[in-house]
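Trainee: Could you walk me through this model before I start my notes?
Mentor: Gladly, let us take it piece by piece.

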Amino acid sequence: MTKLQSHGREPFEAVDRAPEAQAEGFATVRQAHESEMAEDYVELIAELIETRGEARPVEIAERLGVKPPTVTKNISRLKAAGLVRREPYRAIFLTQAGQDLAEICRRRHRVVVAFLLSLGIDEETAERDAEGIEHHVSQTTLEAFESRLNQK
């Protein structure tokens, strides 16, 4: 790797990487961004059902820090994707596919939080950072996190 000068800024390290590999990396990140909303919603819906017995749109909006119309729009998207079901004026429920996705997300979240905690990150920061990292971590990296955690 060669360090290039960047006019007094942090030097940029040129990476000898094929354009196709770089494009694949960016595509993976874009895909992760697209699935973030669905993952956040199903994970939260599963948590609300477990802890409160139901998931209501007003609680989802409050927890995600969004307006109720945003929740309504996104629930419609999740319904179309086969992840949730909803009856008028009732709570929101996960389909089997939604439950499966929520469990995958919950597991990823737990592993990322545990790994960050093992690095000495405080719990509040680890939880907040995990919310972003969990959507972008590859299975390979997740397995490396778990392996490192199991060594301790």
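**A first look at the chain**

Mentor: Of the 152 residues in the protein chain, buried residues make up 31%, and please keep in mind throughout that this is a predicted model.

Trainee: Okay, and how many helices and strands are there in the protein chain?
Mentor: The protein chain has 6 helices and 4 strands, and if you read from the N terminus on, the elements come in the order β-β-α-α-α-β-β-α-α-α.

Trainee: What about contacts between residues at least 6 apart in sequence, what share of them join residues at least 24 apart?
Mentor: Among those contacts in the protein chain, the share that joins residues at least 24 apart is 49%.

Trainee: Let's go inside, then. Which residues have the most contacts inside the largest nonpolar core?
Mentor: They are I45, I60, I75, L78, V84 and L94, in a core that has 20 residues. At least two residues of this core are supplied by each of helix 1 (19-52), helix 2 (57-64), helix 3 (68-80), strand 4 (92-94) and helix 4, while the largest share, 7 residues, comes from helix 1.

Trainee: Can we zoom in on V84? What is V84 in contact with, leaving aside its neighbours within four places in sequence?
Mentor: With those neighbours left aside, V84 is in contact with I45, I75, L78, K79, I92, F93, L94 and T95. There is also a second, separate core of 10 residues, which includes V111, V113, L116 and F145.

Trainee: New topic: where does G82 lie?
Mentor: G82 lies in the loop between helix 3 and strand 3 (84-86), and G82 is partly exposed, with a relative accessible area of 32%. Leaving aside neighbours within four places in sequence, G82 is in contact with T95 and A97, and the C-alpha atoms of G82 and Q96, which are 14 residues apart along the chain, are separated by 8.8 Å.

Trainee: Now the helices. How do helix 4 and helix 5 pack?
Mentor: Helix 4 and helix 5 (residues 123-133) pack at an angle of about 135°, with their axes 9 Å apart, and the two are therefore oblique to each other. The crossing in which helix 4 passes helix 5 is right-handed.

Trainee: And which residues meet there?
Mentor: From helix 4 you have H109, V112, V113, L116 and L117, and they meet E123, A126, E127, D129, A130, E131 and I133 in helix 5. Sorted by class, the residues of this contact divide into 7 nonpolar, 1 polar and 4 charged.

Trainee: Is H109 buried or exposed?
Mentor: H109, whose place is in helix 4, is buried, with a relative accessible area of 10%. Apart from its neighbours within four places in sequence, H109 is in contact with E43, E127, A130, E131 and E134.

Trainee: Last one: at roughly what angle do the axes of helix 4 and helix 6 cross?
Mentor: The axes of helix 4 (residues 96-118) and helix 6 (residues 139-151) cross at roughly 50° and come within 10 Å, which makes helix 4 oblique to helix 6. This crossing of helix 4 and helix 6 is left-handed. The contact is made by R107, R108, V111, V112, A114, F115 and S118 of helix 4 together with Q139, L142, F145, E146, R148 and L149 of helix 6, and by class it has 7 nonpolar, 2 polar and 4 charged residues.

Technical notes. Residues are numbered from 1 along each chain as its sequence is written. This is a predicted model: local features need pLDDT of at least 70, side-chain atom pairs count only at pLDDT 80 or more; totals for chains, interfaces and linings use all residues. Side-chain values use heavy atoms; hydrogens and water are left out. Axes are lines fitted to C-alpha atoms, for helices over the stretch in contact, and angles run from 0 to 180 degrees between N-to-C directions. Angles under 35 degrees count as roughly parallel, over 145 as roughly antiparallel, 65 to 115 as roughly perpendicular and the rest as oblique. A crossing is left-handed if the near helix is turned anticlockwise from the far one by less than a right angle, and right-handed if clockwise. Contact means heavy atoms within 4.5 Å. Ala, Val, Leu, Ile, Met, Phe, Trp, Tyr, Cys and Pro count as nonpolar, Asp, Glu, Lys and Arg as charged, and the others, Gly among them, as polar. A nonpolar core is a set of buried Ala, Val, Leu, Ile, Met, Phe, Trp, Tyr and Cys residues joined through side-chain atoms within 4.5 Å. Buried means under 20% relative accessible area, exposed over 50%, partly exposed in between (1.4 Å probe, protein chains only).
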